[in-house]
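Good morning, everyone. Please have a look at the chain on the screen before I start.

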Amino acid sequence: MLFSKHRNLTRWVIVVASFGIISLILWNTYVFFQKFKVEEQSKMDIWAAAHQEINSNPLDENVNPLVDKVFTSEITNPMFVYNNGSVLLSNNIDENKVNNATYISKLIKEYTQENTPIVISYVDNETKETVVYGTLYYGNSEVLNKLKYYPLALLLIIFLFGAVAYFFYRSSKIATQNKLWSGMAKETAHQIGTPLSSLIGWAEILKSENINPEYIVEIEKDISRLQTITERFSKIGSLPTLEKADIVKETIDSYDYLKARSSKLIDFELITPSEEIYVNLNKQLYSWTIENLVKNAIDAMKGKGKIIIEISQLENTVNIDISDSGKGLSKNQYKAIFETGYTTKKRGWGLGLSLAKRIIEEFHGGQIKVSHSEIGKGTTMQISMKSI
């Protein structure tokens, strides 16, 4: 309990620290962006002042070298000087569109939103009056525009990193849980083995008594079934072995056992071909799958109705259809019922169909699906496997 509390506290500390670091990075990026923007504005103010100084001097007077250097320096910002519907000067703008009024009007709106326009004026040497040369419109430099999207890229990277860490943690947790369940299953098989051995001995003793042989046969079937279940549990967590087997015979065996131990209110029907159909099969796991599907069908019918198991072959594929006359499924339940934990039962775990899907698709390379269902009329589950 104490370990769990410390672990939760550590998680919260990591979450809060991560949030603080991200906030600090974003804030510093914002501050840097604003400083860089102010520097660009200052640079454009200096350029405008140099332009104003040049226009204020007579044409025959030498220009201050410093002013000339500022005016001719390279400007990385897209800009233009505009006056009375025409562009007087431009830089880093498509020259083919400079005379396009619509394009320039669009740039004026865009640049005005990014930066405050600068009015360039000078004093006429003859009239001593202030003359407006034009208005300087300029946008952010390419570097500044890239910097503007840096926080978004940073957030995306952090999000992806968090997603990877989450899925890694989740996968690790699931793997640990699977290992735990596998260990519990093997221990359960071990625990069942002791009383099962005793039951086998008692069955042998009963054979020597004056007891109806049919009772002994049924007891031996149940013992055999318990042995099969024990073997299933003992193999959980390990890769099952497949062997060539007649799927018709294996289905009939499972059918006979389930029919004999189900309610008389259930009407069973088995439709099989007369010839044998061989597939690569793990008999114990296949029997488990048929058992799960039949039990789900019985639950769907609330213990009363008809179940039809039909085997058919189409070219290299054998289909096993299990139909019931239960309550049926809606379309959005066709895939959901195979998800781990999904159940419509009050006391169900939602593991049976998930396990059946894993057995058929992962271990046998087949397919299991809801082939047909109608509300109030029943459902047909279909298993498809490759024949050999």
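First, the ground rules. This is a predicted model, where local features need pLDDT of at least 70 and side-chain atom pairs count only at pLDDT 80 or more, while totals for chains, interfaces and linings use all residues. Residues are numbered from 1 along each chain as its sequence is written, and side-chain values use heavy atoms, with hydrogens and water left out.

Now the overall picture. The protein chain has nine helices and 11 strands. Those are DSSP runs, numbered from the N terminus: helices are H or I with at least four residues, strands are E with at least two. Of the 388 residues, 32% are buried. Buried means under 20% relative accessible area, exposed means over 50%, and partly exposed is in between, with a 1.4 Å probe and protein chains only. Next, contacts, meaning heavy atoms within 4.5 Å. Take those between residues at least 6 apart in sequence: 67% join residues at least 24 apart.

On to helix H8, residues 283-300.

H8 has a neighbour in H7, residues 247-260. Their axes come within 10 Å and cross at roughly 50°. That makes H7 oblique to H8. Axes here are lines fitted to C-alpha atoms, for helices over the stretch in contact, with angles from 0 to 180 degrees between N-to-C directions. Under 35 degrees counts as roughly parallel, over 145 as roughly antiparallel, 65 to 115 as roughly perpendicular, and the rest as oblique. The H7 and H8 crossing is right-handed. Right-handed means the near helix is turned clockwise from the far one by less than a right angle; anticlockwise is left-handed. From H7, Ile247, Glu250, Thr251, Ser254 and Leu258 take part, meeting H8 residues that include Tyr286, Ile290 and Val294. By class, this contact has five nonpolar, three polar and three charged residues. Nonpolar covers Ala, Val, Leu, Ile, Met, Phe, Trp, Tyr, Cys and Pro; charged covers Asp, Glu, Lys and Arg; the others, Gly among them, are polar.

H8 also meets H9, residues 352-363. These axes come within 9 Å and cross at roughly 145°. This crossing is left-handed. Leu285, Trp288 and Asn292 are among the H8 residues involved, and Leu355, Ile359 and Phe363 are among those from H9. The contact has nine nonpolar, four polar and no charged residues.

Finally, some single residues. Asparagine 92 has a positive phi near 60°, though it is not glycine. Asparagine 92 lies in the loop between strand S2 and helix H3. Its relative accessible area is 47%, so asparagine 92 is partly exposed. Glutamate 315 also has a positive phi, near 55°, and sits in the loop between strands S8 and S9. Is glutamate 315 buried or exposed? At 70% relative accessibility, glutamate 315 counts as exposed.

Last one: glutamate 218, in helix H6, is partly exposed at 33%. Its C-alpha is 9.5 Å from that of alanine 260, 42 residues apart along the chain.
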